[in-house]
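This briefing walks through a few local features of one protein chain, grouped by topic. Please keep the sequence and the 3D view at hand while reading, and look up each residue as it is named.

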Amino acid sequence: MKKLISALLVAGLSVAMLAGCGSNGGDSASTSTAEGTTAAVSASDIKIGVIYIGDENEGYTESHMKGIDQMMETLGISEEQVIEKTTIPESEECYDAAVDLAEQGCNIIFGTSFGHEDYLKQAAEEFPDVQFCHATGYQAASSGLSNMHNYFDNIYEARYVSGVVAGLKLNEMIKDGTVKEDACKIGYVGAYPYAEVVSGYTSFYLGVKSVCESATMEVQYTNSWADISKEKETADALIADGCVLISQHADTTGAPSACEEKGVPCVGYNVDMTSVAPTTALTSSTNNWAVYYEYAVNCVLNGEAIATDWSEGFSSDSVALTTLGDACAEGTQDKVDEVIAAIKDGSLNVFDTTTFTVGGKSIEDLIAEGGDYANYEQYVSDGVFHESTVISAPAFDLRIDGITELTTE
């Protein structure tokens with residue numbers, strides 16, 4: 001789940017670049033390939049282990065579980081061949097879980113939370129014949145281990161499109177007099193101030209701004225990935241502070257529930273929120289982890305190397321939006337189709353550097369000035385911040401103009 005603290009990321013980037021990251025032709029895909037390969041394994045003999053941070057009651061883990069289930073169906077893997085461990089914390093317990101899975105004969109083991117990475121890497125060192133794949137991390141390229149891999153997806157693409165949905169709703173609200181044009185403030189319930197969350201809320205905001213120029217945004221953090229009460233409280237606080245639409249990077253239905261009570265439109269994450277917010281939910285950005293799970297397991301089945309870093313988006317159906325809710329503005333589906341097509345064909349780049357400033361300056365100018373911003377040079381070229389390409393993990397942690405942050409206690 002769970003992304004990374006910027007200082008840690010920067011420390012690993014130069015090593016990742018030296019390891020070499022190439023594209024497989026997907027949209028903004030990072031697919032640096034490890035040198036090591038293993039002998040092919042038959043579909044009837046392969047054994048797969050999965051370590052989840054949560055369980056099916058939490059949206060992020062549920063989306064991974066759905067991906068595993070789809071992979072099993074597609075590849076003909078039976079339930080007896082998959083060992084799933086739920087609610088494994090980001091602690092030594094993760095290492096114990098990984099060792100147990102390896103000792104039970106798993107050929108490939110997936111870990112789903114950012115804090116699992118160090119423990120998976122430790123296990124990978126001890127079991128060189130087992131492939132370890134870690135979601136949201138950044139250390140695979142620098143580890144020197146051919147059996148250690150990082151994966152994510154370009155969820156920022158889906159967040160951008162969900163922002164377009166939100167912006168169209170704001171325009172409708174302005175037109176019917178529900179809100180004033182100069183009072184279009186969005187609230188965003190964030191988990192932690194990590195690059196994953198910052199990348200996500202920025203892409204969402206840029207999507208909003210692409211159709212509703214007057215919009216601003218306030219972000220409040222819960223300091224938890226999944227706390228339904230805290231997320232509801234934070235959404236309530238944002239609404240009380242004048243926010244007229246709410247989105248989230250948090251894993252429960254807390255924020256949409258608050259929005260439904262207050263009659264405030266909302267954009268969710270991971271799952272369709274219409275069950276808890278039938279009159280206010282617009283859509284949710286969501287991950288289709290099945291694409292990666294099928295890819296990685298196929299690599300083991302065929303005795304092929306798994307990419308050291310992997311991240312793909314709309315072009316491989318790795319990200320999506322849930323069905324648009326009844327609260328959406330008229331014409332939203334047509335606009336969504338148009339924007340997704342533009343992302344796929346490369347005519348629209350989510351982090352187009354002409355669409356945002358930092359302290360009134362372009363990122364190119366800040367890079368030229370040197371200092372801490374010089375570290376971003378490796379991402380920025382041809383007028384685009386190229387997210388999830390140097391490594392799969394999000395790196396966009398710039399605080400752009402138009403967005404304010406508050407940390408809730």
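**Salt bridges within helices**

Glu 338 and Lys 335 are both part of helix α11, which covers residues 332–345, and they sit 3 residues apart, about one turn of the helix. The side chains of Glu 338 and Lys 335 meet in a salt bridge, with a distance of 3.2 Å from N to O. The model shown here is a predicted one, and the structure holds 12 salt bridges, some of which are described below together with other features.

**The pair in α11**

- Glu 338 counts as partly exposed because its relative accessible area is 48%, a value that lies between the limits of 20% for buried and 50% for exposed.
- Lys 335, the partner of Glu 338 in the salt bridge, is likewise classed as partly exposed, because its relative accessibility is 25%.

**The pair in α2**

- Helix α2 spans residues 59–75 and contains both Glu 62 and Lys 66, which are 4 residues apart, or about one turn of the helix.
- A salt bridge joins the side chains of Glu 62 and Lys 66, with 3.6 Å from N to O.
- Glu 62 has a relative accessibility of 24% and therefore counts as partly exposed, whereas Lys 66 has a relative accessible area of 52% and is therefore exposed.

- In helix α8, made up of residues 228–240, Lys 232 and Asp 236 are separated by about one helical turn because they are 4 residues apart.
- The side chains of Lys 232 and Asp 236 form a salt bridge at 3.5 Å, again given from N to O.
- Lys 232 is partly exposed, since its relative accessible area is 24%.
- Lys 232 and Asp 236 also belong to a network of salt bridges that links them with Glu 261 and Lys 262.

**How α3 and α4 pack**

- Helix α3, residues 92–103, packs with helix α4, residues 117–126, at an angle of about 35°, and the axes of the two helices are 8 Å apart.
- The crossing in which α3 passes α4 is right-handed.
- On the α3 side the residues that take part are Glu 92, Cys 94, Tyr 95, Ala 98 and Val 99, and they meet Tyr 119, Leu 120, Gln 122, Ala 123 and Glu 126 on the α4 side.
- Sorted by class, this contact of α3 with α4 has 7 nonpolar residues, 1 polar residue and 2 charged residues.

- His 134 is found in strand β4, which runs over residues 131–135.
- His 134 counts as buried because its relative accessibility is 0%, and buried means under 20%.
- The side chain of His 134 reaches the backbone oxygen of Ser 113 at a distance of 2.6 Å.
- When neighbours within four places in sequence are left aside, the residues in contact with His 134 include Gly 111, Ser 113, Phe 114, His 116, Glu 117 and Leu 120, and among them are also Met 148, His 149, Asn 150 and Tyr 151.

**Asn 298 and Met 71**

- Asn 298 has its place in helix α10, residues 290–302, and it counts as partly exposed because its relative accessibility is 29%.
- Although Asn 298 and Met 71 are 227 residues apart along the chain, their C-alpha atoms are separated by 9.7 Å.

Conventions: Residues are numbered from 1 along each chain as its sequence is written. This is a predicted model: local features need pLDDT of at least 70, side-chain atom pairs count only at pLDDT 80 or more; totals for chains, interfaces and linings use all residues. Side-chain values use heavy atoms; hydrogens and water are left out. Buried means under 20% relative accessible area, exposed over 50%, partly exposed in between (1.4 Å probe, protein chains only). A polar contact is a pair of N or O atoms within 3.5 Å; within protein, one must be able to donate a hydrogen and the other to accept it, and residues adjacent in sequence count only if both atoms are side-chain atoms. Contact means heavy atoms within 4.5 Å. Axes are lines fitted to C-alpha atoms, for helices over the stretch in contact, and angles run from 0 to 180 degrees between N-to-C directions. A crossing is left-handed if the near helix is turned anticlockwise from the far one by less than a right angle, and right-handed if clockwise. Ala, Val, Leu, Ile, Met, Phe, Trp, Tyr, Cys and Pro count as nonpolar, Asp, Glu, Lys and Arg as charged, and the others, Gly among them, as polar. A salt bridge is a side-chain nitrogen of Lys or Arg within 4 Å of a carboxyl oxygen of Asp or Glu.
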